[in-house]
Every structure is written in C-alpha cells, then in structure tokens.
Amino acid sequence: MSTTLPAVAFYLLAFAALYGAISMMSTRNVVHATVWLLEVMLATAGLYLVLDAEFLALVQVLVYAGAVAVLTLFTVMLTLRRREDAVRPFPTAWGSLAIAALFTGAMLLAIRGFCPVGVEMPAIAPGIEEFGRELFTTWMVPFEVASLVLLVALVGAVWWTGGDDR
Amino acid sequence: MSPALATIVKLLSIIALMLTNGVFMIYLLRKVLGHLHIRLGPMHVGPHGLLQTMNDVIKLLTKEDLTPRIADKALFYLAPMIVFVPSFMAYLALPFSDTLKATSLETGLLFTFAALSVVPIGILLAGWSSGNKWGLLGGMRSAAMQIAYEVPLLLSVLPIVMISGTADLGGIVDAQAGTWLAVVPRWFITNPLLWPTFIIFVISSLIEANQTPFDMSEGESELVGGFGTDYSAMKFGLVYLSEFSNTFVISALGVTLFFGGWLVPWLPMSWYDAVPVLAPTVFILKTYLGIVLMWWIRGTYPRVRIDQLMDLGWKRLIPAALVMIVLTGVVDKLIVPLFTGAVS
C-alpha cells in the first residue's frame with residue numbers, strides 16, 4: 001500500500017484530536033467538554049490504528065471511551081444540581097493553553113532524550129501473542145507495579161467516599 | 001472486485017442485515033412475548049400480523065420529529081448516533097462462516113466488546129440531553145449497569161480465549177470443530193469447566209443487551225420510558241434499532257463462543273465448502289434461537305431492583321469470573337498436559 005492513505009488518515013485524525021482538545025477547553029458547558037474529551041480519545045485510538053497498534057487502539061476505546069468517559073459523564077451529571085450548573089464559572093482556555101505548552105515542552109525534551117526522532121517502523125506489527133509474551137516476561141514487574149498502583153488508588157477512593165462506619 | 005468496492009459492499013450488506021434484523025426481531029419479540037403471555041400478539045396486518053412491523057417502520061419514518069424546548073439540541077441529535085454507530089460496528093468481526101465475515105481481526109472478540117462499550121455513553125447523553133428527570137435517571141441507571149457488567153462479561157470470555165488460544169472469533173469457532181470420543185461435539189458448552197463461565201456470560205450479556213429482568217433503564221412503571229422518553233420518530237427508531245441489533249450481536253457472540261458458531265455437529269467439513277449458504281444459515285438460526293431464549297427469560301421474570309443488580313455484579317460475578325480464570329489456567333495449562341503428556 002502506498003503511504004498516501006495512512007498520511008491522509010493521520011492528518012484527519014490529528015486534526016480531529018487537536019480540534020476536540022481545543023473545543024473541550026474552550027466550551028463553557030462541562031457536559032459538552034466531556035463529549036469533546038470522548039472525541040479526543042476516539043481520535044487517539046484511530047491514530048494508534050494508523051500505527052498498526054490494533055490492540056492498543058481497542059484497549060483505548062474499551063477503557064478510555066467505554067469506561068473513563070462514561071465515568072466522567074457520570075460524575076459530572078451526579079454533581080450537577082440543575083442543568084444550568086453545567087457551565088464553568090470561569091474560562092479555562094488560557095490557563096490550559098499555558099499548561100499544555102509546558103507539558104508539550106517537557107514531553108518534547110523527554111522524547112528527544114529517549115530516542116532519535118524518525119525511528120523506522122517494523123515491517124510487520126507484532127500481534128497480541130507477541131505483545132502478551134513480552135508483557136508477561138520482560139515487563140512483568142512494571143506491569144504488576146502498575147496494577148498495584150491502581151489497586152491503591154481504588155482502595156483510596158473507597159476510603160475517601162467513606163463507608164458506613166466513618 | 002477492487003478492495004474499496006468490496007469494503008463498501010460489505011458495509012452495505014451489514015446495514016441491510018441490521019435493518020432486516022430490526023424489522024424481523026420486533027415482530028418476533030411481539031409474537032414470542034405474546035404467546036408467553038397466552039395472547040396472540042399482532043394479528044391484523046398481513047397473515048398473522050407479519051406486515052405489522054412494516055407499518056410501524058413507515059409510521060416511524062413519517063412521524064413528526066419533536067425536540068423538547070429545554071433539550072440540549074446538539075447532544076440531543078448526537079446521542080442516537082453515538083448509540084447507533086457502535087452497535088453497527090459490532091457486526092464487523094462476527095464470523096458468519098469460514099469466509100463470510102466483514103473483517104478477520106486477530107482481536108475480534110475484543111473489537112466487539114470495545115464497540116459495544118461505547119453504547120452506554122450514547123444512552124447517558126440521550127437521557128441527559130432531553131432535559132427531563134426520567135430520561136436522566138434512565139440514562140444513569142443504564143450506564144451504571146452496563147459499566148458494571150462489562151467487567152464480568154469481559155472476564156467471563158477470557159477462559160475461552162485461554163483454551164482456544166486465540167481471540168479471533170473465527171479461530172474460536174475452528175477450535176470447536178470435531179467431537180469428544182466421536183460422540184459429543186467439542187463445543188465449549190460441552191466442557192464442564194466452562195459451565196460457570198457460561199452462567200456469568202449469560203447474566204452479564206442480558207444486562208449488556210438491556211433485556212428484562214435487567215432493563216431498569218426504561219422501567220416504564222417508575223421511569224415513564226427511561227432514556228428514550230423524549231425521543232420520537234426516527235431518532236427513537238435508531239435508538240431501538242440499536243438495542244435490537246445489540247441483542248443480536250450478543251446472542252451471536254454467545255453462539256460463537258459456546259455453541260460452535262456456524263458448525264453443525266457431526267457434519268464433515270467438506271459440506272461447508274459444497275453448500276456455501278449452509279454455514280451462515282446455521283449461524284443465524286442459532287443466533288435467533290439464543291434471542292428467543294433471552295426473550296423467554298424476559299417474558300418470565302420480573303425486573304430486579306437496581307441495588308440488588310449492582311450487588312450481584314460487583315460482589316459475586318466479578319470474583320466468580322476471576323476465580324474461573326485462575327481455575328481454567330491451572331486446569332488447562334497444568335493438569336490437562338499431565339494426562340495427555342502434551343505441552344501446549
């Protein structure tokens with residue numbers, strides 16, 4: 001396959017992700033902001049697909065779009081007393097722009113230090129079998145540490161909401 | 001045929017299948033529920049009311065499309081699409097036969113679940129954007145239920161992936177070919193190790209498909225119509241078409257995972273090549289059998305309460321599913337090789 005089709009897909013998805021991110025920060029309605037966030041997540045999943053990272057794209061949809069976005073919407077809707085409250089009390093665009101610029105700078109430095117830009121893609125993207133083997137052999141300890149961190153966050157959240165005793 | 005054209009033909013035929021399913025399933029639902037309730041269901045339009053649904057479709061298409069004054073207009077229009085598109089995409093990985101499938105994905109199982117997991121967002125948005133409390137409550141319930149039960153549903157299919165060694169739905173069907181001791185078909189449902197898994201799968205999939213006894217999102221006795229209260233005309237049609245099509249997809253998944261997909265027991269493989277329509281017909285028939293079973297449950301049991309449902313999901317099904325994964329791993333990778341001497 002020529003490189004044109006992935007390039008077109010990449011630019012469309014990149015535009016969708018950036019436009020979604022900007023709209024998310026500039027809209028005053030928090031529910032709309034969550035929907036834009038969802039759009040960004042889906043566009044990111046599409047970018048993974050362009051990179052042949054099929055598994056990563058599906059997990060992105062399943063976890064971020066399917067669970068995190070729903071939870072965010074859920075929290076937003078549960079904390080709103082009236083629909084009029086769905087409006088941000090102050091504009092966040094400039095502050096978020098500053099944070100985004102800082103973050104992009106930091107990431108750019110980190111990535112440049114990590115590997116040279118323009119790494120060649122492997123001829124065949126590894127499938128889930130290779131991925132799983134790699135994850136459970138080479139990356140076993142980091143994987144378990146990550147799941148422990150999530151467990152701690154979960155226990156913390158349960159403690160935070162308070163049981164019947166507290 | 002060029003690849004692009006083939007893709008378009010595939011997508012169009014999936015849309016056709018989805019619409020046909022919708023029309024037929026509404027009729028079937030009315031008839032099945034009717035007979036379960038010892039009444040006749042639709043009888044007047046066409047023979048045995050067969051054309052009733054066609055009338056309903058025309059009605060839906062020509063009805064006035066109302067938008068409530070206080071609705072959040074943009075989201076009110078967007079929500080039915082967010083509900084509809086993922087349930088359309090969920091068809092893409094289903095294997096109707098060895099060759100007849102829209103895509104052959106190594107991660108087909110995960111793809112179907114990923115597509116279905118987006119549906120609750122649309123339902124939640126539909127409930128919120130219509131700006132009435134019944135809609136919001138219905139949407140909230142539905143989203144809470146479907147998030148909660150996605151976890152046991154995903155966990156419950158992992159033992160099958162472990163045994164068959166692939167997450168490709170076609171591969172899972174291939175792993176079920178043949179017979180045990182030349183008598184019992186090697187479908188996964190005949191494997192006693194997977195029976196608890198099957199129960200977890202059935203309960204969670206009934207919830208994912210939003211079927212009674214777990215359809216709290218639209219409990220008409222307490223929530224008017226739930227998330228769909230304010231929808232009319234074709235937007236209502238899209239929301240419900242997607243619900244029916246999710247039922248079909250979930251049932252098709254159950255058939256693929258546990259009942260050998262398009263396989264007929266004891267039939268040699270050469271038959272499928274000789275009669276190309278055999279496999280898809282068998283697959284669709286099995287799927288419809290599964291759907292009728294789901295509706296049998298629907299017509300028999302009353303709704304459960306939402307807090308009981310949440311307890312069942314988080315406190316019982318998820319731990320049970322986790323135990324089944326560990327058990328399958330131990331049995332399949334440690335004990336079975338001990339007896340057969342094979343190291344898989």
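Visitor: Is Trp36(A) buried, partly exposed or exposed?
Guide: This model is predicted. The relative accessible area of Trp36(A) is 28%. Buried means under 20% and exposed means over 50%. The value falls in between, so Trp36(A) is partly exposed.

Visitor: Tyr19(A) and Trp36(A) form an aromatic pair; of which kind?
Guide: The ring centres of Tyr19(A) and Trp36(A) are 5.7 Å apart. Their planes stand at 80 degrees. Planes over 60 degrees apart count as edge-to-face. Therefore the pair is edge-to-face.

Visitor: Are the planes of Phe201(B) and Phe258(B) stacked, tilted or edge-to-face?
Guide: The ring centres are 5.4 Å apart, and the planes meet at 50 degrees. Stacked needs under 30 degrees, and edge-to-face needs over 60.

Visitor: Is Phe258(B) buried or exposed?
Guide: Buried means under 20% relative accessible area. Phe258(B) has 0%, so Phe258(B) is buried.

Visitor: How much area is buried between chain B and chain A?
Guide: The contact takes 28 residues from chain B and 27 residues from chain A. Carbon and sulfur atoms give 78% of the buried area. The total is about 2300 Å².

Visitor: Which helix gives the largest share of the side of chain B that touches chain A?
Guide: α3, α4, α5 and α6 of chain B each supply at least two residues. The largest share is seven residues. That share comes from α6(B).

Definitions and conventions
Residues numbered from 1 in each chain as written. Chains lettered and ligands numbered in written order. Predicted model: local features only at pLDDT ≥ 70, side-chain atom pairs only at ≥ 80, totals over all residues. Heavy atoms only, no water. Contact = heavy atoms within 4.5 Å. Buried area = accessible area lost by both parts, 1.4 Å probe. Helix = DSSP H or I, 4+ residues; strand = E, 2+ residues; numbered from the N terminus. Phe/Tyr/Trp six-rings, centres within 6.5 Å; stacked < 30°, edge-to-face > 60°. Buried < 20%, exposed > 50% of the residue type's maximum accessible area, 1.4 Å probe, protein only.
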